[in-house]
Amino acid sequence: MGTKNTENGTSGAAVAVTDPARIRNVALVGPSGAGKTTLCEALLAAAGVITRTGSVAEGTTVCDHDPAAVRQQRSVALSVAPLPADDVKVNLIDTPGYADFVGELRAGLRAADAALFVVCAAEGVDASTIALWQECAAVGMPRAVVVSRLDHPRAAVEAEIAACQAAFGSGVLPLYLPVTSADGDVSGLVGLISGRLYDYSGGREPVADVPDEDDAERIEQARAELIEGIIAESEDESLMERYLAGEEIDQATLITDLEQAVARGSFHPVLPVCAATGVGLSELMQAMTRGFPSPLEHRPPRVTNVDGTGEQALAVDPDGPLAAEVVRTAVDSYVGRVSLVRVFSGTLRPERPVHVSGHGLAERGHEDHDADERVAHIYSPLGSTLREVPFCVAGDLCALTKLSSAETGDTVSDPSRPLLMAPWEMPEPLLPIAVIAHSRSDEDALSRNLAKLAAGDPNLRLERNPETHQLVLWCMGEAHADVVLQRLRAGGAEIDTETVRVPLRETFAGQAKGHGRHVKQSGGHGQYAVCDLVVEPLPRGSGFEFVDRIVGGAIPHQFIPSVEKGVRAQLGKGLRDGYPLVDVRVTLVDGKAHSVDSSDAAFQTAGALALKEAGAQGRITLLEPLDEVAVRVPDEHLGTVLGDLSARRGRVVGTEPGEEEHAGTTLVRAEVPETELLRYAIDLRSLTSGTASFTRRFSHYDPLPEQRSSP
């Protein structure tokens with residue numbers, strides 16, 4: 001997002017809307033390759049926003065302007081493209097369909113009031129498509145289904161509609177039926193509410209006509225199902241009675257009930273659309289403006305005071321208190337930080353102070369922060385192009401530049417009444433990538449670029465491991481990692497990747513004794529300290545225990561803590577392989593002191609020496625960290641996943657059948673060594689065709705098998 005112009009050109013300036021009722025925020029959702037970005041191009045061209053449609057393959061589309069998107073030939077970040085339609089401003093929010101970028105999808109759903117769920121007429125409905133549908137359902141997002149790419153050689157529109165009904169439920173019903181020409185191409189649509197044929201055989205502008213009588217039975221049956229579905233899902237009981245009594249329902253009433261049914265999130269009209277031929281574009285425009293809910297029907301997110309107290313009741317009112325949210329942050333090489341903002345209440349105006357507040361993402365490396373800043377200019381984003389507007393009202397989207405403290409998920413409000421929105425649920429990054437600056441001169445550039453990346457990508461977690469001294473980037477998957485690394489390098493930092501090292505621990509396998517003697521008599525004040533220790537292992541997770549068994553004052557009381565301090569210092573350094581020593585009890589049993597030469601430092605040294613000797617005399621065992629892993633897997637892949645966990649030295653501790661919202665799946669709980677999970681995010685996706693998911697958290701340490709070398 002920046003000031004770069006797209007190669008297909010733009011037409012006209014951005015217009016600021018004053019009435020939230022004249023705004024539609026529509027997210028384009030669907031699997032990668034379904035044609036979302038191409039559909040967005042066609043809609044922009046049809047509305048006259050761009051003069052020529054761009055190409056995904058050539059990297060000239062409005063929405064896929066990110067260099068990583070051009071290189072990967074798929075969307076990697078959400079992008080906004082507003083267009084005018086029937087005196088309504090439609091903000092199209094193009095979201096990625098690939099699983100690695102589900103965080104961008106969730107941000108897009110946060111900014112939207114409805115979704116166009118795009119599926120390819122030749123692809124059917126696979127598990128990844130169902131997962132995207134469930135993402136929308138989880139936030140209660142109203143949806144319509146677009147069956148795209150009608151010009152595909154294997155396109156089968158009615159079969160695709162049937163597949164969607166089987167996968168998504170009975171609430172999926174066609175709003176239009178396709179009409180094919182003699183050569184089998186889709187040449188028009190029959191509107192089931194209007195009863196008219198929209199013929200595209202003469203070009204991109206449809207000609208209204210009467211449907212062929214041969215199609216009457218098919219049309220009448222589909223129309224009856226549609227009307228019954230609309231009335232049932234809109235819960236208009238009086239209309240149902242009129243319909244059952246045989247009364248003809250007028251179009252205006254049906255359209256009103258259609259909008260109500262869609263807004264409830266339980267009814268999903270289906271529209272066949274072809275971006276290449278233009279079939280269905282006009283009908284889709286009408287469906288978005290007349291059948292989709294406006295921001296006035298979308299309840300704002302939960303809002304509180306900055307300290308989390310006093311929940312605020314906000315309405316979508318341009319004159320209300322300012323409450324907006326940063327749904328995406330990008331850093332442009334020309335204009336600096338660009339924040340894409342959804343305004344939920346109030347009106348954003350230029351040259352006004354605002355309060356920027358971010359809380360709740362500290363575990364991702366985004367520390368809680370509050371700052372007062374000033375909005376200089378307000379822009380309407382069109383892909384990478386920023387077009388200045390005089391204001392942005394509740395319900396609309398805009399871009400703000402140079403808010404230095406703003407990060408994705410932050411709340412923008414009035415300084416006199418600072419507010420905080422609860423952030424949306426961010427996916428957990430589970431693929432670690434260790435990076436290192438190629439040379440010392442690259443270290444500063446790496447540090448600067450990491451800060452920019454972290455500000456804009458809440459799905460990226462940065463970890464500076466104090467034990468392995470590695471910088472680890474936790475990513476969503478290989479495609480996400482590829483984007484992250486490319487952006488780091490594009491910022492001028494030459495970086496290399498290296499194997500992620502897992503921090504191990506050392507412990508004693510049995511009891512051992514150690515004698516520590518630190519005596520130096522070289523003239524003047526000397527050093528004298530002697531101590532004897534007994535070391536024995538403790539149960540896993542017990543930590544360190546120090547026991548004083550000195551009798552008869554062999555070591556003066558004031559030096560006992562010095563011995564413990566020296567032992568603790570050596571525990572951190574380890575004994576055999578340099579890993580911290582844990583789960584041991586160290587007992588101080590004897591020692592000697594000198595009335596003049598003994599000191600705190602001398603007994604610290606003697607304690608460390610005694611522990612070292614115990615390690616040399618006894619047997620040291622390496623411990624590896626184990627994670628508690630929960631894998632949600634479809635039942636057809638259960639055996640494969642269980643076998644793979646066993647091959648990773650995992651121990652399955654239980655399985656649970658999926659509840660109603662996860663029917664047909666099993667939750668597998670297991671304990672797996674961390675060294676076996678470094679690439680599990682990639683391998684699990686491969687094993688289950690992207691249908692399984694997992695979470696992990698540290699559990700405990702266990703002995704590393706003797707036959708395995710240290711990671």
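I started at R149, which is partly exposed at a relative accessible area of 33%. My cut-offs here are under 20% relative accessible area for buried, over 50% for exposed and partly exposed in between, with a 1.4 Å probe and protein chains only.

Before going on, I noted that this is a predicted model, where local features need pLDDT of at least 70 and side-chain atom pairs count only at pLDDT 80 or more, while totals for chains, interfaces and linings use all residues. Residues are numbered from 1 along each chain as its sequence is written, and side-chain values use heavy atoms, with hydrogens and water left out.

**Backbone**

I looked up phi for R149 and found a positive value of about 55°, although R149 is not a glycine. R149 sits in the loop between β5 (143–148) and α5 (157–168). Helices and strands are DSSP runs numbered from the N terminus (H or I, at least four residues, for helices; E, at least two, for strands).

E351 gave me a positive phi too, about 60°, and E351 is not a glycine either. I placed E351 in the loop between β15 (347–348) and β16 (352–358). With a relative accessible area of 43%, E351 is partly exposed. I flagged these because most residues other than glycine have a negative phi.

**Aromatic rings**

How many aromatic pairs are there? I got 8, taking rings of Phe, Tyr and Trp (its six-membered ring) as paired if their centres lie within 6.5 Å, with planes under 30 degrees apart stacked, over 60 edge-to-face and the rest tilted.

Y176 and Y198 are edge-to-face, because their ring centres are 6.3 Å apart and their planes stand at 65°. Y176 belongs to strand β7 (residues 176–180) and Y198 to strand β9 (residues 197–199), so this pair ties together parts 22 residues apart in sequence. Y176 is buried at 10% relative accessibility, and Y198 is buried at 18%.

Next I checked F559 and F603, a stacked pair with 5.0 Å centre to centre and 20° between the planes. F559 is in the loop between β31 (544–548) and α12 (560–573) and F603 in helix α13 (residues 600–617), so I logged a link between distant parts of the chain, 44 residues apart. F559 is buried at a relative accessible area of 11%, and F603 is buried at 0%.

F117, W133 and F168 make up one aromatic cluster. W133 came up again: the charged end of R143 sits over the W133 ring, 4.4 Å from its centre. R74 likewise lies over the face of Y98, 4.0 Å from the ring centre. I count a charge as over a ring if NZ of Lys or CZ of Arg is within 6 Å of the ring centre and within 35 degrees of the ring normal.

**Cores**

The largest nonpolar core holds 97 residues, and L83 is among those with the most contacts inside it. A core here is a set of buried Ala, Val, Leu, Ile, Met, Phe, Trp, Tyr and Cys residues joined through side-chain atoms within 4.5 Å. Leaving aside neighbours within four places in sequence, L83 contacts (heavy atoms within 4.5 Å) residues including L43, L44, V90 and M285. A second, separate core of 34 residues includes L446 and L677.

**A helix pair**

Last, I looked at helix α6 (residues 216–234) and helix α7 (residues 237–244), whose axes come within 9 Å and cross at roughly 155°. That makes α6 roughly antiparallel to α7, a label for angles over 145 degrees, whereas under 35 is roughly parallel, 65 to 115 roughly perpendicular and the rest oblique. Axes are lines fitted to C-alpha atoms, for helices over the stretch in contact, with angles from 0 to 180 degrees between N-to-C directions. On the α6 side the contact includes A224 and I231, and on the α7 side L239 and Y243.
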